[in-house]
Every structure is written in C-alpha cells, then in structure tokens.
Amino acid sequence: MALTEVYWDHHIPLPKLAPVQAKVTVALVALLCFINSYDGEFVFDDSEAIVNNKDLRPATPLNNIWSNDFWGTNLSSNSSHKSYRPLTVLTFRLNYLVAGGLHPVGFHVLNIILHAVISALMIDVFAILIGGLAYDEKGRILNHAPKTSLLAAVFFAAHPVHTESVAGIVGRADLLCALFFQLSFLTYCKAFNKGSDRDDRFSLQWVVVSLLLCAAAMLCKEQGITVLGVNAAFDVLLICNVNVYELSQRLLLRKKSFDVSELVRMGLLTRLGLMGLGGLLMLYARWRIMGTGPPAFTEVDNPASFAENIILRKLLCVMVLALLCVYVVRCALRSHQWRSEQSLFTSALSVCPLNAKVHYNVGKNLADRGNTTAAITYYREAVRLHPTYVHAMNNLGNILKEKNELVEAEQLLSKAVSIQPDFAAAWMNLGIVQNSLQKFEEAEKSYWNAIRFRRKYPDCYYNLGRLYADQNRHLDALNAWRNATVLKPDHSLAWNNMVILLDNTGNLGQAELIGREALRVLPNDHTIMFSLANVLGKLQKYEESEGFFLHALRINPNAASCHGNLAVLYHRWGKLELAKKHYELSLKLDPEAPGTRDNYNMLRRKLDQLKRSTP
C-alpha cells in the first residue's frame, strides 16, 4: 500500500520542505493569487443568493435555511432551482451577523481563507494519491513524494480556474464542498492507520466519520456525494490492489470462478456496503427534501493540463516558473475583473461575443445602474442571438413599458409567454402593459395566468387590484390588495392603496381600521402614516392626525405633500400660523404642488382680514 519515495520526485526543481513549511508556502501562494478580490462588490449570482436572500437576515427564522434552496426560495415552489446547500447559506448568515449587514469584505475574506486552507490540504491528498498511503508511528501521513505533492498543490492554489469560486462569493459552495470532500477522503484513509503492526482490518469509526463529512459536503453543494466514489475507487485500487480488468473478465466471461473470501477478509465488501448504504440514505434524504422535481444545475467545464514528461532539470525549471507566473498573473487579472459586475460582464463580452447570456448580463447590469438606453441594445442583441430567450424578452419589455413604448412591449411579452407558458413574471408584466393600453379584459386574463402559475404572487395581486380600481370595481380591488398583504404582510403599496380607496369612496371608518392594521405591521412606513393622517383629519380626529403627519415628516422631512396636507389640517383646526408655516415649507419643496398655492393664498387673505378686524 505504501511506496518508497517516488523515483522521479528528486527531479522536481523545488526544495524539500518540512510538512508545515510546505503547507504555509502553498497557503501564501493561494493568498497572493486572490488577495486583490477582498474588497470586491457583490456580483453576478451574489445579488440573488446573498443580497436578495432573506434567509441571511436575523429576522428570518433559522429553520428556513433547512426548507429553502440556495437562493432563498422554498423547495416546494415550482420556481425553486432545487439547489439545497443549507450549510453554505448558514456561513453567509454568520458573515451577515458578524459584519452587521451586507458588507462584502467579510464574505470575500472568508472565501480567500477557505481557498488557502483547501490548497494546503491538497498536499496531503496529493501525497497519498502520488506516493501511496503510509503513516509514521505517531499516526502522521508519510509523504513519499514531497516535492511532487508540493508542486501539484502550488499549481492547484494558483490555477485561475478557481477564480469564480474564490472571487465570486456564491463560490463559497464550491469551497466548502471541496473542504469537506478533502476531509472525508483523508478520514477514510485514516481508517487504515494501524501503525507498523497493522493487520488487514480497518477502523469502523473513521469510516463513519468519513460518511458524516461526505454528508456535510453534500449539504454545502450537491456534488459532495461523489467523494464516496473516490473513496471506493481508492479502496479497491490502492488499499486492496484489486485487478479490475481481471475481475471483470472472470465475472463477465466466467473463465474462472472468483473467490470473494479474500475481499471479505480484508473488509472491502463491508466498507463498500457501508458507503453504498450511506450514499443511498443521503440520496433518499435529498430526494425527500427536494420533492418530485430534479435539481437544475449548469455544468461548467474545468479543464486542467499538467506536464507529464520530464525534460532537462534548467528548461523544466524555466517552464514551471513561467507557467506559474502566467497562472498568478491570470488569477490577479480575473479576480480584478470579478470586483464588480460591470467589469466581469464586460470582460465576458470580449471573450464570448456571440453568447446571448453574456449580452443579457451586460444589459441587466446597465439597467440596474439606470442606463436603460444602453441596456436596450444588449437585450435586443441577446434576443437576436437566441430568439427564444424569454428572460431577455421580459426585461426588454419592462424597459420599453417604462419608456411608454407599449405596443412593442406587448409584442415581446406575448411572445415570451407563448414560448414559456408558465413564465409567471412575464404574464404579470404583460398584464401591466395591457392595462396601460386599456385592454382591461386581456390584462385581467394575464394577471390570473400569472397567479395560476405562481399561486403566492403578492405583486401580481397588487397589480390586479390596480386594474380593478381603474375599472371602479372597488370590492374586487380591495380583495386583491388584501390577498397581496396576506401573502406578503409588508406589502406597503397594497396597504396604502386600500386606505386611499376606502378614503376616496367615503368609507372613512374602514379606512381608519385598515390604516391602523397596516401600521402594526409596518410601524415606520411614512406613506401609510400620511394616508391614515388624511383619514383621521376628515374624521375630525385632529390631534391623532397631527401626530401621524409629524411622525411621517420625522421619517421623510422633505415630503412636500405631507407638509401641504398637514397645513390643510391646521387650517381646518384653526391653527393658522402653523398652517402658514407648513404651506410655505410645502411650496418651498414643490412650488408646483397642486392646490397648495390656492390654499396658501386663501389662508393669507383670512389672516389679513383678521388683522384688519383686530382693533
């Protein structure tokens, strides 16, 4: 099982370092390559997995991590990607708690540290795979290929293929999975550490620990379960030295009988049985958690090439150093490009100019930064390159809707839902456009289609309520907005619209009840305070109305409409000097505020009359 020192190891142009020195060296190389990504932004998938993921927030119950996918969507939802990585999300949540919010530096630093630790551990992994498994009398791994394993670990640490996993925060899943993968393999190897007097038996405890670490790797990223295959192959080929070709010939062609007693004596069948049972239990648990739908992942090729031939001990040294320098420079360049979404997507555009997803990402980044005109160009190109790219059609349709180019927006969104009929967001956006075009029946059908494909869709209920309000279907509008608040209790717009509609239709008592209920859920929402204050003023509850207006102004002191309506309240209440003060503040903030100028002039005439009538 153990070999003497690998015969080519002394040809490697590296010094022979002590184990600790070697690991520190590899860790420093890993840090050097990726340290410039420590102060990067949240980019690419970070926005969905971290910035918009409520599972990171302290207010979200911790149990949600175990029932939601990597992106914070419930696994039972048909929109879930089924990527179940609760341990990774837990580390994001810990980052959030330690930093006191969404500060990317802490997230990046932990990724860089994890890469350094993984790279250092690769020395032990390579030592076993290249030089064989052996332990000294103290139970430490004997490295029969110290230079080779060091060189391989250095190349691993410096390989630019790791850039996405290290510089992109969502790559934490790959890093944690790799760490537990390594630990599972190394603890499996530990099961055969019996000292110099070792027999052919093994330690059951270490095999069980290896299975638990495999489960941890799988809870960081799904591919972690593949370590069982690595452990099994290592056991068969290197621990038990089974000739697989000869064995397959015997079993398939039945040339000779096969005696399994030797494998039983070595414990191979027991170990394979334990790993098989453990793997099946993990897959079953994963299937139960995931539900009936399979997980959807995007496979990323990860090619790596290593020089196999040994040529002259100076030319080889130059080539190795040159390659290492290229890797370091490439890592620094790529990690710099990962500092922001703009630089990342722009760099991708130069590499893959005909990739529709790249044009889509550039367009989305531009739109998020407010440059919708440029975003339109990239979205159009994405659709041209991939005519069935429904997400690009949806985003382009949204921008055109905001620019009031409603006819083309309707055409794009209609095409998107015809290509993907269960695209709930596109149905809702199509409904908004059709409502703006006064195609009320079509808009209502589009909204209900969106709800049919995504039952818990508060924003769609909100927009459906706006449609009903436009048609004076007041009861239907109130029901739609109530559904929105049931599904999303902090849906401020739905609460506010209910108060305003009830106010406008004269149902002041009901408007007051809804407003107070809304503020119990959203106690610092100044828009709801403003609407409730208007209702209370009409009910002649002047003191309460004044309190809500003033509270709203403390939150948003530059709201011209709030100053104007508070002035109207004081005007009715007879507090004319206060009314004058807030009319003037309102006009200073918004000289064109509707009605405020007329009310202010009316107040000044009244004040002049009072002055003239005073002896």
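**Entry 1: ground rules.** I number residues from 1 along each chain as its sequence is written, and I use heavy atoms for side-chain values, leaving out hydrogens and water. The model is predicted, so local features need pLDDT of at least 70 and side-chain atom pairs count only at pLDDT 80 or more, while totals for chains, interfaces and linings use all residues.

**Entry 2: overall build.** I looked up the secondary structure and found 29 helices and zero strands. Here helices (H or I, at least four residues) and strands (E, at least two) are DSSP runs, numbered from the N terminus. The radius of gyration is 33 Å, well over the 25 Å that the globule rule gives for 615 residues, so the protein is more spread out than a compact globule. That radius is taken over C-alpha atoms, and the rule is 2.2 Å times the number of residues to the power 0.38. Along the principal axes, the C-alpha trace spans about 120 × 50 × 50 Å.

**Entry 3: annotated spans.** I checked the UniProt record, an unreviewed entry, which gives "transmembrane region" for residues 112–135, 201–219, 225–247, 268–290 and 310–329. UniProt positions are in the numbering used here, feature names are shortened, and annotations may be inferred rather than shown by experiment. Residues 112–135 are 83% helix and 0% strand, with end C-alpha atoms 31 Å apart. Residues 268–290 are 100% helix and 0% strand, and their end C-alpha atoms are 32 Å apart.

For residues 424–457 I noted 79% helix, 0% strand and end C-alpha atoms 9 Å apart. For residues 526–559 the end C-alpha atoms lie 10 Å apart, with 79% helix and 0% strand.

**Entry 4: helices 20 and 21.** I looked up the axes of helix 20 (residues 440–453) and helix 21 (residues 458–470), which come within 10 Å and cross at roughly 160°. Axes are lines fitted to C-alpha atoms, for helices over the stretch in contact, and angles run from 0 to 180 degrees between N-to-C directions. Helix 20 and helix 21 are therefore roughly antiparallel (under 35 degrees is roughly parallel, over 145 roughly antiparallel, 65 to 115 roughly perpendicular, the rest oblique). Contact residues (heavy atoms within 4.5 Å) include Phe440, Tyr447 and Trp448 of helix 20 and Tyr461, Leu464 and Tyr468 of helix 21. By class, the residues of this contact are 11 nonpolar, one polar and one charged. Ala, Val, Leu, Ile, Met, Phe, Trp, Tyr, Cys and Pro count as nonpolar, Asp, Glu, Lys and Arg as charged, and the others, Gly among them, as polar.

**Entry 5: helices 25 and 26.** Helix 25 (residues 526–538) and helix 26 (residues 542–555) pack at about 160° with axes 8 Å apart. I therefore log helix 25 and helix 26 as roughly antiparallel to each other. The contact of helix 25 with helix 26 has 10 nonpolar, five polar and one charged residues.

**Entry 6: helices 13 and 14.** The axes of helix 13 (residues 315–337) and helix 14 (residues 341–351) come within 7 Å and cross at roughly 120°. Helix 13 and helix 14 are therefore oblique to each other. Arg334, His336 and Gln337 in helix 13 meet Ser343, Leu344 and Ser347 in helix 14. I count one nonpolar, four polar and one charged residue in the contact of helix 13 with helix 14.
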